[in-house]
Amino acid sequence: MTDTDIRVPVTVLTGFLGAGKTTLLNHVLTAEHGQKIAVIVNEFGEVGIDNQLVVGADEEIFEMNNGCICCTVRGDLIRILGELMVAKRGSGDRKAEFDRVLIETTGLADPAPVAQTFFVDEEMADFYRLDAIVTVVDARHAGQHLDEGHEAQEQVAFADVMLLNKVDLVSEEELKRLESRLRVMNPTAKIYQTERSNIDIDKVLGIGAFDLHKKLELEPGFLEEEDHEHDDDVTSIVLKEEQPLDLGKLEKFLSVWLSEHGVDTFRYKGVLNIKGVKQRVVFQGIHMLFDSTVDREWKQGEAKRSEFVVIGRSLDEAWFKEQFAACAAQ
């Protein structure tokens, strides 16, 4: 993304049942930010906000009875986003003015199908850009949710921003333990502690967190997190290499990785130093869909280090580190 990027930014809102997503949604819509927001929700709600476009999508996106949920969700979401696109351009039966889109994924196990929409559909990618995935976490019940279900772990794994909500209902010690656990599961997400989902809007909207170009410029060290030992199925692995990488070896590694482990790999993102390429290569993906783009040239005195984070379920850390190290150019 560049400063001249005119695509419509999209924020995906997910989180545990009862964590405070609706409260956050209402907070965003009633805040004095001066923006018109198109909201795609799983059911009509009494939003009651002037100049807001609400798209009802009950039984269209989230309540699926048959077929592959990823394909079904993505197909219906593309249709709805397409209708919004036509309305914004004024080329259909209705005219709609909106500055950004907010998608609430209530009832969906993980936000992957929504995020993948902006990888697999070229028309959507040309008109919209995924700005961030925001996950609301219930501080009081998060431990139980994380212990009992993979869905809660996946919501944490995909997050660019986490709102650790209802912090007033737990002790400082409980809060510290939970935040440490969340950071282990997803070391690159920004975590904010909130009560009643109250947060400055500029910390969740227009932050470019899904765009690594902007993220790396704002926080060059955001990948410099250490992974730890833990018991959750969802793990995070930080891969680093000081030597330039051989492109052929890297492509072979990616091929094996994604064919054998792609389903269990939720998010991966980082920057690579490829031998023979003067610029940084920014790399990010979801499951088996990834994108790599040439970024700016390395700055004078900047460490030309390849570094990225892999977040997924039951990943073999030793295998990943061994294979990545083998990609170093001779």
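Guide: What follows goes through the salt bridges pair by pair. This is a predicted model, in which local features need pLDDT of at least 70 and side-chain atom pairs count only at pLDDT 80 or more, while totals for chains, interfaces and linings use all residues. Residues are numbered from 1 along each chain as its sequence is written, and side-chain values use heavy atoms, leaving out hydrogens and water.

The count is 16 salt bridges (a side-chain nitrogen of Lys or Arg within 4 Å of a carboxyl oxygen of Asp or Glu).

Start with arginine 181 and aspartate 147. Their closest N and O atoms are 2.9 Å apart. Arginine 181 is partly exposed at 21% relative accessibility. Aspartate 147 is exposed at 58% (buried is under 20% relative accessible area, exposed over 50%, partly exposed in between; 1.4 Å probe, protein chains only).

Next, arginine 267 bridges to aspartate 160 at 3.1 Å, N to O. Arginine 267 lies in strand S9 (residues 265–272), aspartate 160 in the loop between helix H6 (150–158) and strand S6 (161–165). The pair therefore ties together parts 107 residues apart in sequence. Arginine 267 is buried at 1%. Aspartate 160 is buried too, at 2%.

Back in helix H7, arginine 177 and glutamate 173 are 4 residues apart, about one helical turn. Their N to O distance is 3.8 Å. Arginine 177 is exposed at 51%; glutamate 173 is partly exposed at 49%.

Definitions and conventions:
Helices (H or I, at least four residues) and strands (E, at least two) are DSSP runs, numbered from the N terminus.
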